[in-house]
Number of protein chains: 2
Amino acid sequence: MGELVLAADLGGTNLRMAAVGPSGEIAERVRRSTPHSDDPMVIVDAIGEMATEIQAAVGAKRLTLAIGVAAPVIMDARNGSVYKAPNLPAINGFNFAGELSKKLGLRVILENDATAAAIGEHWLGAARNVENAICVTLGTGVGGGIILSGQPLRGPDGTAGEIGHICVEPNGHPCGCGSWGCLEQYSSAMAVVRIARELTEEKDRSWPGGMTAEKLYEAAKAGDDIAIEAFRRLGYYLGIVLASLINVVDPDMIVLAGGLSGGWDVFIDETCGQIAKRAFRLPALRAKLVRAELGDDAGILGVARLALETPDQGLLES
Amino acid sequence: MGELVLAADLGGTNLRMAAVGPSGEIAERVRRSTPHSDDPMVIVDAIGEMATEIQAAVGAKRLTLAIGVAAPVIMDARNGSVYKAPNLPAINGFNFAGELSKKLGLRVILENDATAAAIGEHWLGAARNVENAICVTLGTGVGGGIILSGQPLRGPDGTAGEIGHICVEPNGHPCGCGSWGCLEQYSSAMAVVRIARELTEEKDRSWPGGMTAEKLYEAAKAGDDIAIEAFRRLGYYLGIVLASLINVVDPDMIVLAGGLSGGWDVFIDETCGQIAKRAFRLPALRAKLVRAELGDDAGILGVARLALETPDQGLLES
């Protein structure tokens, strides 16, 4: 029986795969750019090639018959297909798990990437030994994963945990999801750049081309008033949503993950201030606000954990 | 061994108690006005007298050694005391369960009233046979109870489920909880009267004294434009929060309870409209929006259920 599972993280930009052991040790990794094509089978084929590479490197006999795949999708848990994939439109409505399983001859465990990251952080990262944790991924968008009594909250459709689509401004900025004023429109990398541009235009200053959240972070650190205000607003809305979640969920811990969490020094005071002003005191005192520990590996480790939990039925045929 | 449990609903206005059988049948009821005093023991004594009345009516031998109490409080589950009781300030910080247990010689199961109502509706009401339900109580304030995989969500402090304190307007009306713009300030009986008064003042019309949510409901039904708009706003904000909760929790059902739910015809279209516009389609299609079925008995039946689940250790001493 194999002791390693395959685990993949299918992002909008990169496609990464690893062979992962029972304690989360990564035996082998491969990475390539995510292929963008109208044909969803191009992604399936790419994952197949990467699986073959890893199999060649570690030896087929060491692998179990399961692969976990983290992807930025809302899945329809009832039939294993992708319900919504804003950054990977090719797989919208596609029976991704089913087709991948056919291609690889493996059981495929597909999981929303933010939920996978929460599972990873709960297994081996910031939230290990924590019963109730909320993981908020601050990246291009805002993702969410919720662990209750040690188990991920998925809901009957598998769509639960979409913290980025909690409304914070009823008449706010239109969101890609079809609503208005979602957290994602205020506390994501995309949002902080838009807010900085709006503030620049309000002040009749010129807006430099090629602005990114990273450059804005550097500007905020260097004392730029617009960059500082844009990140304060990011922290403000994040704090409002976390206060609401503290009142509704009463978590032991809130883990901030994703690229933006690395620069939390420019917004976390505002976030903590809003929580302190708005949430009920008892659960607010409990909820420890921390940064994720696993970085880019959180999702891969999360789906590795799920794949390790599925019963193995034999060896991967080579 | 007794087959009936005592169950009490301690409201801001009325204190009700019943003896409840294993299928939820109510064998005996008593009711009195909730005593208001600075001394929390006055409430404990009143509950003691009512327990004695019920005991006399049904016979001590038929009662188990447990009493469930639903109360409009946030409890500190770590020590059984009342953490916050906005409508019953006398018991703020009081070890209610402990003192009541000493007085009655019974095990006391104290539960937040909205969570108790959710448990009741899940046991015998609108949400029976439903795995994942959100119960929103629209009364003087807005309460919430969440059932996940058949179990109430309480959180480690016992404070979870406070749906009324999700923020819907970041700079909105100040809330009794210390925050601003909570749902309770837009979608409660208290709120709809305030909003109607604000609208009346904006239009320079005169505001009649003694206005209540019931009178406003009648006015809305009779075509009064201000009453109609006040209820539309109630429904609007409720819809925004329910859409957020659908995205985060993916419930099978949303149950609207409390006095205002009886008049949902004047706001439910707006609520459903906001959900349809804002929530992810897949979980929104799943989440059935219904009215509660147990009326005032939901809380009593909820805590009766909890008391019935606690192991009995003998007969009530008479």
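This is a predicted model: local features need pLDDT of at least 70, side-chain atom pairs count only at pLDDT 80 or more; totals for chains, interfaces and linings use all residues.
Strand S11 of chain A, residues 253-257, runs parallel to strand S12 of chain A, and four bridges join the two. As background, strands of a sheet pair through backbone hydrogen bonds, and they may do so in a parallel or an antiparallel way.

Stepping back to the sheet as a whole, we have an open sheet of five strands in chain A, ordered S10-S9-S8-S11-S12, and its pairing is mixed. Its edges are strand S10, residues 151-152, and strand S12, residues 288-291, each of which pairs on one side only.

Which helices pack on this sheet? Helix H3 of chain A, residues 113-124, touches S8, S9, S10 and S11, and its direction makes about 45 degrees with that of S9(A). Helix H6 of chain A, residues 225-249, touches S8, S9, S11 and S12, with its direction at about 160 degrees to that of S8(A).

The largest has a volume of about 70 Å³, and H6 of chain A and H6 of chain B each supply at least two residues of its lining. That lining, which includes Ser244(A) and Ser244(B), divides into six nonpolar, two polar and no charged residues.

The second largest cavity holds about 60 Å³ of space, and here S9 and H6 of chain A, together with S9 and H6 of chain B, each supply at least two lining residues. Val248(A) and Val248(B) are among them, and the lining divides into 10 nonpolar, no polar and no charged residues.

Methods
Residues are numbered from 1 along each chain as its sequence is written. Chains are lettered from A and ligands numbered from 1 in the order in which they are written. Side-chain values use heavy atoms; hydrogens and water are left out. Two strands pair if DSSP finds at least two bridges between them. Contact means heavy atoms within 4.5 Å. Axes are lines fitted to C-alpha atoms, for helices over the stretch in contact, and angles run from 0 to 180 degrees between N-to-C directions. On a 1 Å grid over the protein atoms alone, a cavity is a set of points where a 1.4 Å probe fits but cannot get out, and a pocket is an open set with protein on both sides within 12 Å along at least five of seven lines; lining residues have an atom within 4 Å of a point. Grid points are joined across faces, edges and corners, and a volume is the space filled by probe spheres set on the points. Ala, Val, Leu, Ile, Met, Phe, Trp, Tyr, Cys and Pro count as nonpolar, Asp, Glu, Lys and Arg as charged, and the others, Gly among them, as polar.
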